[in-house]
Amino acid sequence: MEGTGGSSASAAAQPVNQYWQEFSKLFQYYLDKSTPHSTYRWIGTFAIASIYLLRVFYIQGFYIVSYGLGIYMLNLLIGFLSPLVDPEMEPSDGPLLPTKGSDEFKPFIRRLPEFKFWYSFTKAFCIAFLMTFFSVFDVPVFWPILLCYWVVLFVLTMRRQIAHMIKYRYIPFSLGKQKYGGKKSSGSSSGSRAD
């Protein structure tokens with residue numbers, strides 16, 4: 001009798017597992033297809049963020065969830081703006097960011113790549129939106145104090161991050177892959193090739 005109960009439970013779980021695997025493959029497929037389209041990904045993320053903000057504004061609650069979301073976003077932003085190898089923390093034999101004009105140029109490698117930054121950013125807003133449907137997360141707080149704490153934390157953190165960028169001369173933003181355009185010709189040789 002006990003053997004039949006265990007097999008019926010596993011038989012009932014098999015369609016659920018199969019459905020979950022199909023959903024996971026489909027989700028991964030669309031996630032992979034969205035990788036090169038960063039502009040559209042960010043537009044979708046800001047639409048989700050707007051829906052979340054409208055819900056919080058309409059309900060006038062869940063400020064603790066918004067504060068936690070803001071702290072998490074700040075943590076993601078720091079990871080996005082930071083180099084993979086921090087010159088202050090890890091002296092290494094490998095390539096470093098240039099600190100003098102005579103140093104060789106090394107490409108900036110992020111600690112948190114753009115795609116992972118976007119994915120974590122979007123997932124956090126989705127989770128925060130779902131949390132607004134549970135009243136246990138609606139803790140009564142005085143929201144101006146939370147906002148003040150977050151602004152102070154943001155200013156102090158970004159001031160340190162910007163000082164680090166200036167000290168080690170790196171710019172964490174780029175507009176895609178850099179392409180070699182060939183040598184720039186001087187203004188005196190402006191001829192066109194005949195076919």
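Buried here means under 20% relative accessible area, exposed means over 50%, and partly exposed falls in between (1.4 Å probe, protein chains only). The structure is a predicted model, in which local features need pLDDT of at least 70 and side-chain atom pairs count only at pLDDT 80 or more, while totals for chains, interfaces and linings use all residues. Residues are numbered from 1 along each chain as its sequence is written, and side-chain values use heavy atoms, with hydrogens and water left out.

On to the aromatics: the whole structure holds 16 aromatic pairs (Phe, Tyr or six-membered Trp rings with centres within 6.5 Å; planes under 30 degrees apart are stacked, over 60 edge-to-face, the rest tilted). Tyr63 and Trp143 form a tilted pair, because their ring centres are 6.3 Å apart and their planes meet at 40°. This pair ties together distant parts of the chain, with Tyr63 in helix α3 and Trp143 in helix α5, 80 residues apart (helices are DSSP runs of H or I, at least four residues, numbered from the N terminus). Tyr63, at 22% relative accessibility, counts as partly exposed, and so does Trp143, at 43%.

Phe117 and Phe121 are another tilted pair, with centres 5.7 Å apart and planes at 50°. Both sit in helix α4, 4 residues apart, or about one turn, and both are buried. Ring pairs also join Phe117 and Phe121 into a cluster whose members include Trp42, Tyr52 and Phe125.

The charged end of Arg41 lies over Trp118, 4.9 Å from the ring centre, and that of Arg55 over Phe133, at 4.0 Å.

Key:
Helix = DSSP H or I, 4+ residues; strand = E, 2+ residues; numbered from the N terminus. Lys NZ or Arg CZ within 6 Å of the ring centre and 35° of its normal.
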